Amino acid sequence: MSGSFIPYGRQSIDEDDIAAVVAVLRSDWLTTGPEVEAFEADFAAATGSLEAVAVANGTAALHAAMFALGIGPGDEVIVPAITFVATANSVLYQGGTPVFCDVEPDTLLIDVASAESRITEHTKAIVAVDYAGQPCDYDALRALCSRRGLALVADACHALGGAYKGKPVGSLADLSTFSFHPVKNMTTGEGGMVTTDDPALAARMRTFRNHGITTDFRERARCGTWEYAMTELGYNYRLSDIHCALGRSQLRKLPAWIDRRRAIAAHYDAAFAETNGVSPLAVRPDRRHAYHLYVVRLTGENHPPRTTVFDQLRAAGIGVNVHYLPVHRHPFYGALFENTGRCPIADDTYERILSLPMFQGLEDVDEGCVVRAIGAVVTGGGL
Ligand SMILES: *Cc1c(COP(=O)(O)O)cnc(C)c1O
């Protein structure tokens, strides 16, 4: 073993990223300048969508999506139980009610039948989370949403660079949200994006990210006016030119990084096919998995408890993690939603999952360390 700690995720920053940021620092615009529009245009092209709206982070992207859809008090939005808390929080920010549904046992993606069972006369939207980087079943979700008159949002924060039946993530739902936090598939430090093919939704989100004001500073400078109108209650959710320049530089390298993530996953898959007691999540044949996370389940009766496996791997310098405690089991949500429907698959699977190190810069030798350590710990031999 190399002796150092192997994290579960890590950014890659090269000299060209640094040069792109420095160029903005030397320019006239530090925020809401030409890099924002250029990043949005590059991102829309990369995801096969008509519009991309840059925002401060992935949580702001989800909030902007809920705002654009007009979610408000009395509205219900169906959210899978296994996701990052921000997915559900964004519904609450708008005064709506998140309703948790269950996930498929072998992929941990939203269970479309469970989502359907939670629809009421108050339901306005479904948020599908492309867990670990695998796109959900968007044909089934779109059919359900159009039959029941619901909006479909993709929380694609894990899945940038993935595809469903050959169509890129970002073009699969009415609105798709992304995060550029350093552990995600590409980074701007903090940052987020929403993609859509609907120019009206995009316009609402551009206003929303700038306090609810209909023009931005640069547009007013261009027109030579000081006047502006605030027409809605928005937020300061802007993303700066500094961030966007980094984003453009990172986006150019994304395809090669996804290839590398997929190659690491293929090595892990092959190794764990031979290891008793662990099994990777299933991957559907019609999906291109973007592998933000590589998640295994502890299987069978004879493996040590998950906490033991976790502690021994951490002690061995392997940065395993757990994604995620089902949202309804966080203290805040537990108190709010005592009586919501149960999610038995999410509750059961949560006890058995582990995320292994997965990032484009992971070296082959470290990959080998992870595989050997898992084998030793899970079969009970220890390290
Ligand atoms: C990272 C993430 C978010 C939030 O993104 P931030 O940029 O950290 O605000 C939302 N949903 C999912 C599924 C995520 O992984």
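I began with helix H7, whose buried residues pack against E1, H3, E8 and E9. I took contact as heavy atoms within 4.5 Å. Helices (H or I, at least four residues) and strands (E, at least two) are DSSP runs, numbered from the N terminus.

I note that this is a predicted model, in which local features need pLDDT of at least 70 and side-chain atom pairs count only at pLDDT 80 or more, while totals for chains, interfaces and linings use all residues. Residues are numbered from 1 along each chain as its sequence is written, and side-chain values use heavy atoms, with hydrogens and water left out.

**Entry 1: helix H7**

I listed the buried residues of H7 (residues 199-208) and found Leu201, Ala202, Met205, Thr207 and Phe208. Buried means under 20% relative accessible area, exposed over 50%, and partly exposed in between (1.4 Å probe, protein chains only). I then looked at the start of H7, where a side-chain oxygen of Asp198 comes within 2.8 Å of the backbone nitrogen of Ala200.

**Entry 2: strand E9**

Which residues cover the two faces of E9? I found Gly192, Val194 and Thr196 buried on one side, and Met193 and Thr195 buried on the other. In a regular strand the side chains alternate between the two faces of the sheet. Five of the five residues of E9 (residues 192-196) are buried, so the strand is largely enclosed by the rest of the structure.

I next checked the strand partners, where pairing requires that DSSP finds at least two bridges between two strands. Strand E1 (residues 51-55) runs antiparallel to E9 and is joined to it by five bridges; Ala52 is opposite Thr195. Strand E8 (residues 175-179) is also antiparallel to E9, with four bridges, and Ser179 faces Gly192.

**Entry 3: Ser49**

I located Ser49 in the loop between helix H2 (34-46) and E1. Its relative accessibility is 9%, so Ser49 counts as buried. Leaving out residues up to four places away in sequence, Ser49 touches Ala44, Gly170, Thr195, Thr196 and Asp197. The side chain of Ser49 also makes a polar contact of 2.8 Å with the side chain of Thr47. A polar contact is a pair of N or O atoms within 3.5 Å; within protein, one must be able to donate a hydrogen and the other to accept it, and residues adjacent in sequence count only if both atoms are side-chain atoms.

**Entry 4: the ligand**

Which residues come nearest to the ligand? Of the 14 residues around it, these are Gly58, Thr59, His158, Ser179 and Lys184; a residue is near if one of its heavy atoms lies within 4 Å. Helix H3 (residues 58-68) gives the most to the shell, with three residues.

A polar side-chain atom of Asp155 is 2.9 Å from a ligand nitrogen. A side-chain N or O atom of His158 lies 2.8 Å from a ligand oxygen, and one of Lys184 lies 3.0 Å from a ligand oxygen. The protein covers 92% of the 380 Å² of accessible area that the ligand has on its own, by the Shrake-Rupley method with a 1.4 Å probe.

**Entry 5: His292**

I placed His292 in the loop between strand E11 (287-288) and strand E12 (294-298). His292 is buried, with a relative accessible area of 3%. Beyond its neighbours within four places in sequence, His292 has contacts that include His158, Val183 and Lys184. A polar side-chain atom of His292 lies 3.4 Å from the backbone oxygen of Val183.
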